[in-house]
Amino acid sequence: MYAQWNEFSVNSIYNPSVCIDFINPDRGISGGSGMIRTVDGGDEWVQLQPPIHWIYRIQIINDSVIIGAGNSNIIKTTDFGNSWTIINPGISDQIVSLFFVNPSVGYASTLTTGYLIKTTDGGENWTQIRNYEWNLSELYFVNTLTGYAVGNSGSLKKTTDGGLNWSNL
């Protein structure tokens, strides 16, 4: 049995999407060269006005909070995308991965400099955990300490100490 996919029109909105997240079957958001949101399972999409042009990663935290990343900035909304705040995480490289374990704890990694940064206050402030000689292009954490990553050339890595140390899988 194969999955069935449906293509939805986004009402002539130009938004080449590179990331998407849904909190339930109805409420979702997509980012790329702009941002769009649905509250009816994708039947209708509304264009949003994020404060940065390119959105590479986005995650819905709860019914009102969404956190995204584009270039070297983090963006956050507390009203499901109606207004946004730019948060400077203190790095100059492009953020390519963003993952929140819970509403407070999140991780992000960069494209070329190997930075791994962490927040413990819902994305308001970020601290650098480490600067690696390799890049973490995708992150997934199962809890605040244990996480998995895809690194350079497709290598798989695992941490059990919140990103301080990584082992090859």
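Visitor: Why is asparagine 71 called partly exposed?

Guide: Asparagine 71 has a relative accessible area of 36%, and the term buried is kept for values under 20%, exposed for values over 50% and partly exposed for those in between, with a 1.4 Å probe and protein chains only, so asparagine 71 counts as partly exposed. Please keep in mind that this is a predicted model, in which local features need pLDDT of at least 70 and side-chain atom pairs count only at pLDDT 80 or more, while totals for chains, interfaces and linings use all residues. Residues are numbered from 1 along each chain as its sequence is written, and side-chain values use heavy atoms, with hydrogens and water left out.

Visitor: Where does asparagine 71 lie, and what is its phi?

Guide: Asparagine 71 belongs to the loop between β6 (66-70) and β7 (73-77), where strands are DSSP runs of E with at least two residues, numbered from the N terminus. Its phi is near 55°, a positive value in a residue other than glycine.

Visitor: What makes phenylalanine 80 a buried residue?

Guide: The relative accessible area of phenylalanine 80 is 5%, so this residue is buried. Phenylalanine 80 sits in the loop between β7 and β8 (85-87), and its phi, too, is near 55°, a positive value in a residue other than glycine.

Visitor: How do you know that arginine 27 lies over the face of phenylalanine 80?

Guide: A charge sits over a ring if NZ of Lys or CZ of Arg is within 6 Å of the ring centre and within 35 degrees of the ring normal, and arginine 27 lies over the face of phenylalanine 80 at 3.8 Å from the ring centre.

Visitor: Why is strand β3 described as largely enclosed?

Guide: Five of the five residues of β3 (residues 34-38) are buried, so the strand is largely enclosed by the rest of the structure. Gly34, Ile36 and Thr38 point one way from β3, whereas Met35 and Arg37 point the other way. In a regular strand the side chains alternate between the two faces of the sheet.

Visitor: What makes β2 and β3 a pair?

Guide: Two strands pair if DSSP finds at least two bridges between them, and β2 (residues 28-32) and β3 pair in the antiparallel sense over five bridges, with glycine 28 having threonine 38 as its bridge partner. A hairpin through one residue joins β2 to β3. On β3 there is also a pairing with β4 (residues 46-48), antiparallel and over three bridges, in which valine 46 is the bridge partner of arginine 37.

Visitor: How many aromatic pairs are found in the whole structure, and why is the pair of phenylalanine 100 and tryptophan 126 called edge-to-face?

Guide: The search finds six aromatic pairs. Rings of Phe, Tyr and Trp (its six-membered ring) pair if their centres lie within 6.5 Å, and planes under 30 degrees apart count as stacked, over 60 as edge-to-face and the rest as tilted. The rings of phenylalanine 100 and tryptophan 126 have centres 6.1 Å apart and planes at 90°, so this pair is edge-to-face.

Visitor: Why is the pair of tyrosine 107 and phenylalanine 141 called stacked?

Guide: Their ring centres are 3.7 Å apart and their planes are at 0°, so the pair is stacked. Tyrosine 107 lies in β10 (residues 106-110) and phenylalanine 141 in β13 (residues 136-141), so the pair ties together parts that are 34 residues apart in sequence.

How values were computed
Helix = DSSP H or I, 4+ residues; strand = E, 2+ residues; numbered from the N terminus.
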